[in-house]
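Subject: A structure for you to explore

Hello,

Here is the structure I promised to pass on. Please open it beside this email and follow along as you read.

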Amino acid sequence: MPFDPSFLLFGAAVASLLLFQINIRRASPVLAILNRWLRWIVFSLSCALVLSHYQVVDRPYWVIATACFLLWFLAETVYVWFAIHALSESEIPLFPRFGVNLSGDEWPTQPRFLKMREELRAAGFRPVQALRAEPIPGMSLRMSVYQNADATIRAQITFLPHAGGAIATSFSFSSLTADGRRIVTDNMHLPFGGFYPENWAVARHPWIRSWSRLLNKHQVRVREAGAALPWETEPLVDVNAQQHELDQVNTQLGFLVPPEQREDFGKMSHEGRYRVWKEVWLLNYLGRSSRYE
C-alpha cells in the first residue's frame with residue numbers, strides 16, 4: 001500500500017499536543033521552541049493537504065504549503081503586535097520595583113528546584129537576599145540572590161510563573177570590573193528589545209538551561225575583562241537601581257515614551273514596539289537574543 005502522508009501529519013499533531021501537556025508542568029523554553037516549530041509545520045502541511053485534496057486551490061502542493069506557512073507567520077505577527085500594543089497601553093510596569101521577600105517561599109518546593117539549590121550551594125554560592133516584585137495583583141516575580149565565596153560573582157535566580165501553575169527559572173550572573181563595567185551573562189528567555197547602559201556588557205544565552213554551563217561562560221568573560229571587584233551594594237538596592245537606570249536610558253534613547261506622554265501614547269514608542277516584536281520572534285523560534293555573544 002502507498003504511504004499516506006496524512007498519518008505522519010496526524011502523528012506530528014499528537015506529538016505537539018504531548019509536548020504542550022509536558023511543558024505545562026515543565027515551563028521549558030526549549031520544549032516551547034520545538035513545539036512552536038512543530039505546530040507551524042503541521043499547520044502548513046495539513047492546510048495544504050486539505051486544500052489540495054478538495055481542489056480548493058489549483059496549485060502544486062508545495063506552493064500551497066508555502067502560502068500556508070506564510071499565512072501562519074502573518075497571523076502570529078498580528079497577534080504578537082497586538083499583544084505588545086496591549087502591554088504598552090497597560091498599567092504593567094516594564095521595570096517593576098522589588099522588595100525583600102519575607103514570605104518564606106524563596107524557592108519552589110519542586111524536587112528539580114531544590115536539587116538546583118543544593119548544586120548551587122555545593123559550588124560555593126551562598127544566599128544573600130530574597131526579593132519579590134508584584135507587577136500585577138496576584139502575580140509574584142521572585143528572585144533569589146546568591147554570591148560566590150569572594151563575592152565577585154553575583155547570581156540572580158528569577159522564578160517566573162506560567163499559566164497552569166508551572167514555574168520557569170532563569171539565571172543571571174553579574175560581576176563588576178575595576179574600570180567600572182558590569183559584566184552580565186544570563187539565560188533569560190523573556191523579550192527585552194531595549195537598550196542597556198554603555199558600561200554594561202550583556203550576553204544572553206536562552207538555549208543554555210544549565211546554570212553551570214552559563215557560569216563557565218560568565219567566568220571566561222570576566223577573565224577576559226580583567227579582575228572583578230567584590231560586590232558591596234546589597235541586592236535590593238542594586239536591583240532597583242538597575243530598574244531605574246534602565247528606565248532612564250531607554251527613555252533617553254527613544255525606546256520608551258517620556259513619562260508625561262505615556263498616558264496618551266503608551267509606554268513604548270513605535271521603534272520600541274518593533275524592537276520587542278523582533279526580539280519575540282528571535283526568542284520564540286530561534287532561541288536567540290539580540291544580545292547574544
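A charge counts as sitting over a ring if NZ of Lys or CZ of Arg is within 6 Å of the ring centre and within 35 degrees of the ring normal. With that in mind, look for R275, which lies over the face of F195 at 4.0 Å from the ring centre.

Before you go further, please remember that this is a predicted model. The protein has an average pLDDT of 89, and 96% of the residues score at least 70. Confidence is lowest in helix α1 (residues 5–26), with a mean of 82, and highest in strand β6 (residues 182–186), at 96.

Next, the inside of the protein. In soluble globular proteins, nonpolar side chains tend to be buried together. Here the largest nonpolar core has 21 residues, and I84, Y196, L246, F255, M268 and V276 are the ones touching the most other members. At least two residues of this core come from each of α3 (61–89), β7 (200–204), α6 (235–252) and α8 (270–286). Which helix gives the largest share of the core? That is α8, with five residues. There is also a second, separate core of 17 residues, and W107, M116, F171 and F173 are among them.

Now for the aromatic rings, where the count comes to 21 pairs. Take W40 and Y285: their ring centres are 5.1 Å apart and their planes are at 70°, so this pair is edge-to-face, given that planes over 60 degrees apart count as such. W40 sits in helix α2 (residues 29–53) and Y285 in helix α8, so the pair links distant parts of the chain, 245 residues apart. Are these two buried or exposed? W40 is buried, at 5% relative accessibility, and Y285 is buried as well, at 4%.

For a stacked pair, turn to F171 and W211, with 6.2 Å from centre to centre and 25° between the planes. F171 belongs to strand β5 (residues 167–177) and W211 to helix α5 (residues 211–225), so the pair ties together parts that lie 40 residues apart in sequence. F171 is buried, with a relative accessible area of 2%, and W211 is buried at 9%.

Enjoy exploring, and write back with any questions!

Best wishes

How values were computed
Residues are numbered from 1 along each chain as its sequence is written. This is a predicted model: local features need pLDDT of at least 70, side-chain atom pairs count only at pLDDT 80 or more; totals for chains, interfaces and linings use all residues. Side-chain values use heavy atoms; hydrogens and water are left out. pLDDT is the predictor's confidence in each residue, from 0 to 100. Helices (H or I, at least four residues) and strands (E, at least two) are DSSP runs, numbered from the N terminus. A nonpolar core is a set of buried Ala, Val, Leu, Ile, Met, Phe, Trp, Tyr and Cys residues joined through side-chain atoms within 4.5 Å. Buried means under 20% relative accessible area, exposed over 50%, partly exposed in between (1.4 Å probe, protein chains only). Rings of Phe, Tyr and Trp (its six-membered ring) pair if their centres lie within 6.5 Å; planes under 30 degrees apart count as stacked, over 60 as edge-to-face and the rest as tilted.
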